[in-house]
Amino acid sequence: MAYISVIIPCYNVAPYIDRCLTTITSQTIGVDALEIICVDDASTDDTWAHLQTWEQRYPDNIMLIHCNENGRQGTARNIGISYASADWISFIDSDDWVELDYFEKLLSIAIQCQCDFVSCDQIRDSSPTLTFSAQRKNGSESGLIVINTVSERKPFIITASMNFSACSKLIRTSFLINNQIIFPENIAYEDHLFTSLLYLYANRVYILEEYLYHYFVNRSSTVLTKNADYHPDMLTISLILWDEWHKRDFFKNYKDELEFLFLDSCYFLFMKVLTMRFDTPPFSLFQLSRKLVLEYVPDFRSNPYAEKLTDFHKILLNLLWQPLNHSDFLKLTDIAKEYWKYNR
């Protein structure tokens with residue numbers, strides 16, 4: 001029986017899927033330890049043909065699922081979860097790849113430390129060919145985080161010691177099922193909801209400070225595509241987050257922290273999207289973001305985390321209450337673009 005269900009959503013990735021699956025089937029843990037679930041999200045290129053070739057090569061290890069309609073990554077990942085039979089789940093995007101001991105290292109830690117999940121670091125990689133990391137250490141110290149109380153969880157939520165990507169993690173399957181953690185469907189930026197629930201439910205987490213996951217800097221990917229009509233989905237996700245937190249009664253203990261996460265998603269991160277993902281940032285979307293923030297967290301300046309913001313983010317925060325015309329907004333985005341070039 002496989003130890004890990006590897007879920008790979010695939011959409012028009014014919015140029016990349018072979019590289020991804022090469023590193024997964026070549027893992028030091030052995031391919032028989034893996035249940036590889038590839039969900040073709042109604043691709044229009046020859047992704048499906050590539051997947052069938054791999055299935056023929058590894059019929060006992062690779063499961064293919066073909067969708068007739070595109071439901072975005074969240075839908076494909078949820079389908080993968082529904083088919084997963086192993087004790088652990090890992091999500092890998094089909095244009096990314098991993099170090100060859102990725103699963104061996106994460107599983108060993110997960111079992112030894114009895115984790116809900118293990119998270120490692122990602123390296124941004126624009127290589128068109130398969131490459132591996134010469135330097136894995138990122139300079140920080142790896143360690144186990146044990147969360148037993150509300151006061152212990154608060155800094156874990158705020159410091160975001162793991163990234164907000166569903167990838168580069170090994171997650172206990174029962175942890176996801178017991179806490180009803182799935183992805184929102186038919187929408188972009190679905191990772192934000194999923195990972196926010198990981199932060200709110202996990203009790204034992206190991207942060208492995210090593211670059212074991214290669215995040216491919218693909219200019220045609222969902223996140224990096226310029227001027228896409230789905231970028232405003234980040235605002236929708238912020239509202240879904242807010243409703244989900246209320247539904248699960250998290251505001252009772254984490255009101256200040258969740259207001260900060262909402263501000264970060266609905267305003268700071270969205271401003272980064274406006275600045276970096278549009279040739280001409282839409283002023284109307286900035287106005288919508290500001291309207292939502294002032295409606296949902298109108299008194300955030302009194303939130304204790306407001307004082308802990310960087311100087312740049314304090315400037316952005318104060319602008320919410322200042323008159324800002326179209327010309328001022330474009331000047332602001334020029335300044336912000338320079339900031340985010342050097343502060344990813």
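Is His313 buried or exposed? I looked this up in a predicted model. His313 counts as buried, at 14% relative accessibility.

**His313**

I placed His313 in helix H11, which spans residues 311–319. I then checked its side chain for polar partners. The His313 side chain makes a polar contact with the side chain of Thr310, at 2.6 Å. Next I set aside the neighbours within four places in sequence. His313 is then in contact with Phe268 and Tyr339.

**Cysteines**

How many disulfides does the structure hold? I found zero. I took Cys113 to see why. Its closest cysteine sulfur is in Cys115, 4.8 Å away, which is too far for a bond. The cut-off for a disulfide is 2.5 Å between the sulfurs. Cys113 counts as buried, at 14% relative accessibility. Cys167 is in no disulfide either; the nearest cysteine sulfur belongs to Cys20, 9.3 Å away. Cys167 is also buried, with a relative accessible area of 1%.

**Helix H5**

Which residues of H5 are buried? In this helix, residues 150–159, I noted Arg153, Phe156 and Ile157. Looking down the axis of H5, I saw the buried residues fall within an arc of 100°, so they line one face of the helix.

What covers the buried residues of H5? I listed the cover, which includes two strands, E7 (143–146) and E9 (204–216). Helices H7 (191–201) and H9 (251–276) are also among the covering elements.

How values were computed
Residues numbered from 1 in each chain as written. Predicted model: local features only at pLDDT ≥ 70, side-chain atom pairs only at ≥ 80, totals over all residues. Heavy atoms only, no water. Buried < 20%, exposed > 50% of the residue type's maximum accessible area, 1.4 Å probe, protein only. Helix = DSSP H or I, 4+ residues; strand = E, 2+ residues; numbered from the N terminus. Arc of directions from axis to C-beta. Contact = heavy atoms within 4.5 Å. Polar contact = N/O pair within 3.5 Å; in protein donor to acceptor, adjacent residues only side chain to side chain.
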